[in-house]
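Please read it beside the sequence and the structure shown here.

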Amino acid sequence: MSAPISHRAAALTAHSYDDFPCKAGHLDLRGDNSPPLAPEFARPVALPTLTAAGYGDVGGQLRLRTVLGRLFGVGPQQVVVTGGGSEALLLALTCVTDHSGFLRIPRPGFPGFEQLARLLGLRVLPYGPAGALPGRGVIPLLICTPHNPTGLVTAPTAAGDGAGWVIWDLSHMSTAGSDLAHFTAGFGGGDIAVFSLSKLLRLPGARVGCLIARDPDLLAAVVRAKTHVAMSTSSLAQDLALRVLQDPGARTELTLRAKVFADHRAQLLAAVAATSRLRAVPAVDGTHLYLETTDGTHAWERLAGAGVIGLPGTVFGGSTREVRLCIAQPQEVIDAAAARVAAL
């Protein structure tokens with residue numbers, strides 16, 4: 001018999017889309033199924049062999065940090081490139097919390113928030129994203145905007161003034177306009193942004209993200225921690241992200257997609273309003289809708305019975321009467337889903 005694993009590892013829960021299968025004839029709204037960006041981005045990335053094989057700068061390539069700095073309205077020295085948004089969050093939590101300390105997280109919320117906190121030995125204090133937001137204080141506060149799974153938006157001033165760490169997960173905010181720079185313009189020393197380039201640039205396998213902060217001591221601590229966690233982020237992935245970010249065609253396409261997703265959101269919200277059996281959190285941004293049954297019955301089963309497959313609310317720390325749908329789908333899927341939902 002092997003020795004017991006740690007209580008932190010034993011407490012972890014992991015879900016995959018395969019846990020909630022989508023059968024033939026059903027509509028898959030579990031996650032982002034929008035097509036990749038322009039096909040030319042799939043070309044092999046040509047890098048010198050030594051560049052691709054070496055570790056590179058732990059904080060990320062200077063040219064990528066410079067482009068990301070412009071996107072967020074900060075200097076390249078305030079950007080750390082990470083292996084996706086999850087590593088950025090892990091590094092932030094590692095550097096602003098201590099073992100057995102507390103962390104305020106939204107519930108329902110992205111499951112990685114609570115699971116990473118458990119892995120670090122933190123105790124979570126949940127708050128409802130639709131309710132009153134806890135203020136900035138001694139306990140670090142994690143805010144996701146646009147929120148996953150509800151699509152609600154929190155203003156950058158909502159955490160208030162004063163001392164205390166606030167980690168802003170901006171991974172569902174578009175890179176197409178100037179929203180990111182406007183959002184971080186008021187950041188103080190206690191504000192940290194984590195972001196996933198993998199999501200909105202449609203590069204999920206590339207695993208590229210970043211951490212943005214203004215406090216030099218925090219940034220130095222993040223780089224030290226990253227040295228021991230993952231060293232540098234893949235040079236191939238960084239080069240691919242840089243290519244997409246600098247291409248004007250990609251920016252145009254991302255802007256168009258944001259408008260399409262807004263139409264998809266409105267279409268599905270109207271379908272929910274047409275039935276008395278469901279109600280929706282009034283999402284205003286992002287790529288998700290969060291629904292619940294009006295009679296308290298099992299939401300995932302009800303929608304699955306209509307051939308619409310989302311993710312149960314329990315995945316996000318919610319209840320069985322809730323379900324999340326992703327609106328980043330082809331138009332024909334949204335049309336069919338709206339018809340099936342309205343007919344419930």
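**Pockets, cavity and a helix pair**

In this predicted model, the lining of the second largest pocket is made up, by class, of 6 nonpolar, 6 polar and 7 charged residues.

**Second largest pocket**
- The second largest pocket holds about 250 Å³ of space, and of the 19 residues lining the second largest pocket, those closest to its centre are Ser174, Leu200, Ala258, Phe261 and Thr287.
- Both H7 and H10 supply at least two residues each to the lining of the second largest pocket, and the largest share of that lining, 6 residues, comes from H10.

**Largest pocket**
- About 910 Å³ of space lies in the largest pocket, which is lined by 37 residues, with Tyr17, Phe110, Asn148, Lys199 and Arg324 the closest to its centre.
- Two or more residues of the lining of the largest pocket come from each of helix H4 (84-96), helix H5 (111-119), strand S7 (191-196), helix H7 (197-200) and strand S13 (322-326).
- Sorted by class, the lining of the largest pocket contains 15 nonpolar, 14 polar and 8 charged residues.

**Cavity**
- Searching the whole structure finds 1 cavity of 30 Å³ or more, and the largest cavity has a volume of about 40 Å³.
- The largest cavity is lined by Thr175, Leu201, Val244, Leu245, Asp247, Ala250, Arg251 and Leu254, which divide into 5 nonpolar, 1 polar and 2 charged residues.
- Helix H9 (235-246) and helix H10 (248-273) each give at least two residues to the lining of the largest cavity, and H10 provides the largest share of that lining, 3 residues.

**Packing of H3 against H9**
- Helix H3 (residues 62-72) packs with H9 at an angle of about 40°, their axes being 10 Å apart, and the two helices are therefore oblique to each other.
- The crossing of H3 and H9 is left-handed, and the contact is made by Arg63, Leu64, Val67, Leu68 and Leu71 on the H3 side and by Gln238, Asp239, Leu242, Leu245 and Gln246 on the H9 side.
- By class, the residues of the contact of H3 with H9 divide into 6 nonpolar, 2 polar and 2 charged.
- Leu245 belongs to the contact of H9 with H3, and Leu245 also lines the largest cavity.

Key
Residues are numbered from 1 along each chain as its sequence is written. This is a predicted model: local features need pLDDT of at least 70, side-chain atom pairs count only at pLDDT 80 or more; totals for chains, interfaces and linings use all residues. Side-chain values use heavy atoms; hydrogens and water are left out. On a 1 Å grid over the protein atoms alone, a cavity is a set of points where a 1.4 Å probe fits but cannot get out, and a pocket is an open set with protein on both sides within 12 Å along at least five of seven lines; lining residues have an atom within 4 Å of a point. Grid points are joined across faces, edges and corners, and a volume is the space filled by probe spheres set on the points. Helices (H or I, at least four residues) and strands (E, at least two) are DSSP runs, numbered from the N terminus. Ala, Val, Leu, Ile, Met, Phe, Trp, Tyr, Cys and Pro count as nonpolar, Asp, Glu, Lys and Arg as charged, and the others, Gly among them, as polar. Axes are lines fitted to C-alpha atoms, for helices over the stretch in contact, and angles run from 0 to 180 degrees between N-to-C directions. Angles under 35 degrees count as roughly parallel, over 145 as roughly antiparallel, 65 to 115 as roughly perpendicular and the rest as oblique. A crossing is left-handed if the near helix is turned anticlockwise from the far one by less than a right angle, and right-handed if clockwise. Contact means heavy atoms within 4.5 Å.
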